[in-house]
Amino acid sequence: MSAIPETPAPPPTEADLLQQLPEDERQRIQDRWRIYQLRHHPSWWRRLLLFLSLIGPGILVMIADNDAGGVITYAQTGAMYGIGFFIPFLLLMIPVAYIVQEMTVRLGAVTHRGHAEMIWGRYGAFWGVFSLLDLIVANILTLVTEFIGIRVGMSIFSVSPFLSVPVAWIFVASIMIFLHYSTWERLALWIAAGNIIFVPLAIAAHPDWSQVVAAIGNWHIPAGAALGAFTYVILANLGTTIAPWMLFFEQSSVVDKGLTIHDIPSGQADTAIGSLSMGVIAIAIVVLTGTLVYGHAGAANFDIQAILHILRQSSLGSIGTALFALGLVEAGLIAAIAITASTSWAVGEALKLPRSLNLKPQRALPFYLSGILSAAMAAMVVLIPHIPLGFLNLTVQVIASIFMPAAMLFLLMLLNDRDIMGNYINRPWQNWSAFAIVGFLILANGLYGYTIVFPSA
C-alpha cells in the first residue's frame, strides 16, 4: 500500500512574515505602509495628511528647546537687559538652530542610525564614550532646569514640590514606557502647543512696539552692562537655543519614526517651522519681562519667583501670571519628555540594546530605564531645600553651550563623510555656517573664561 504524499505547507503570507519581525520593526513597517499609501494618493486631503504624518521631530525638538530652563533664561534676560540687544540676537538664533538641526534630519534619514550609534561606529569606543558621557551629564543638568520650572510653576497654585515634581516624573516615565512612538509623538506635540501661551501674554503686556522694531536694527546694549554678566547671559541664551541633547534627540526620533531620504524635504520643513516657532516664543518672553519687569530696582538679581511676583503686581495680574506659570510647567514637561527619550536612545544605541519607543517594557527595560533614572536623579536635585534655582538654571544653560562645540564637530565630520552621506553631504555654505556657529561658541566661551580669570578687566 503506497504512502499518501503529504500535502505541502502553504507558503507564508505577508501577514505571517510581518509577525515574525521584531515588534519595533513591525510597527515601523506599518507606519511606513501608511505613509506610502498617502504619498501615492493624488487628493490634496491625503497630501495634507501625509505632511501632518511626517512632521513631528523638528517641531518637537524646537518647542522642547523652549524648555523651562529656556523660559526662565529668557525671562531673566528681559528683566536684566530689557528690549534691546537680545531681540535681534534671538532672531539670529532662528537660522542658527535650523542649520544645526537640519543636519540631523539628513543624517538620520540617510543612515537610519541614531547619533550615538554613528559616533561609536565611525570613530570608535573612546570617542563614543566621550560623546555619551558628555550627553548624559548635560541631559541630567538640563532635566534639573525642567523640574525647576515645574516646581516653580506649580508653586503659584500652592502645590508642594514634593507632589508636583514626582507626579511630573511619573507622567514622563509612563508615556515613554506604555505608548508607541507615533502616539507618544502626537501627545508630546499637543503638550508642546501650550508653549504658544507666551505670545498673547506678551501682547497683553502692551509693549512699545516701535521700541521692539527699533531694537532689531540697533542691537542696543544697556549702558554700564558688566562684560562678565553680559557674556554669561549670551552663553545662557546660546545654550538654551542649541544644546547637545537636541542633536541626539532629533536624529534618533527621525530613525524611530522611520523617515527615509524621500522624507527629507518634509523633515526640513518640519525643522524650519519648529525653528521659527521657537524664535517667536523666545522673543515674546523677552518682550514680556522687558516691558513689565526691566527697570525695577534689583532687576539684575531677579530669580524666577521674584519675576513672577512682579508680573502679578503688573497689568498682567493674577490670571496672566497664572497662565505664565502654566506655560512654565508645560515647557518643563515637554522638554523632560524629549530629553529623557534622547538619553534612552543614546544609551540604547551605544550599548546595542533593543531601542525603540515601539517596544514593550518587558523587552527593552534597560533602554527605558536609562532615561527614566536620569530624570529621577534630576528630580531629586530639585527637591533639595533652599537650592538657588535662578543661579542653577543660568549655570546649566552656560554648561550646555560649553559642551556644544564638541558635539557640533562630530556632527560636521559625519555630514562631510561621503561614504556615509553620499550625495547628501553638506554643501559648502552649510559647512561655513556651521563652522561660524562653532567659532562663535568657542569665542563666547573663551571671553567668559577671561572675565572669570580677570574679573577686573
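Which residues in α13 meet which ones in α16? Let me start there, and bear in mind this is a predicted model.

On the α13 side we have W245, F248, F249, S252, S253 and D256. Their partners in α16 are A338, I339, A341, S342, W345, A346 and E349. The two helices pack at an angle of about 75°, and their axes are 9 Å apart. Anything from 65 to 115 degrees counts as roughly perpendicular, so that's what we call α13 and α16.

Okay, on to α9, which also touches both of those helices. It runs over residues 181-192, so to speak a twelve-residue helix, and spans 16 Å from first C-alpha to last, close to the 16 Å expected at 1.5 Å a residue. Buried in α9 are Y181, W184, E185, A188, L189, I191 and A192. If you look down the axis, those buried residues sit within an arc of 160°, so they line one face of the helix.

Let's follow α8, then. Helix α7, residues 115-155, packs with α8 at an angle of about 135°, axes 9 Å apart. That makes the pair oblique, and their crossing is right-handed. As for who's touching whom, F147, I150, R151 and M154 come from α7, and they meet P161, S164, V165, A168 and W169 in α8.

Definitions and conventions
Residues are numbered from 1 along each chain as its sequence is written. This is a predicted model: local features need pLDDT of at least 70, side-chain atom pairs count only at pLDDT 80 or more; totals for chains, interfaces and linings use all residues. Side-chain values use heavy atoms; hydrogens and water are left out. Helices (H or I, at least four residues) and strands (E, at least two) are DSSP runs, numbered from the N terminus. The expected span of a helix is 1.5 Å times one less than its number of residues. Buried means under 20% relative accessible area, exposed over 50%, partly exposed in between (1.4 Å probe, protein chains only). The arc is that of the directions from the helix axis to the C-beta atoms. Axes are lines fitted to C-alpha atoms, for helices over the stretch in contact, and angles run from 0 to 180 degrees between N-to-C directions. Angles under 35 degrees count as roughly parallel, over 145 as roughly antiparallel, 65 to 115 as roughly perpendicular and the rest as oblique. A crossing is left-handed if the near helix is turned anticlockwise from the far one by less than a right angle, and right-handed if clockwise. Contact means heavy atoms within 4.5 Å.
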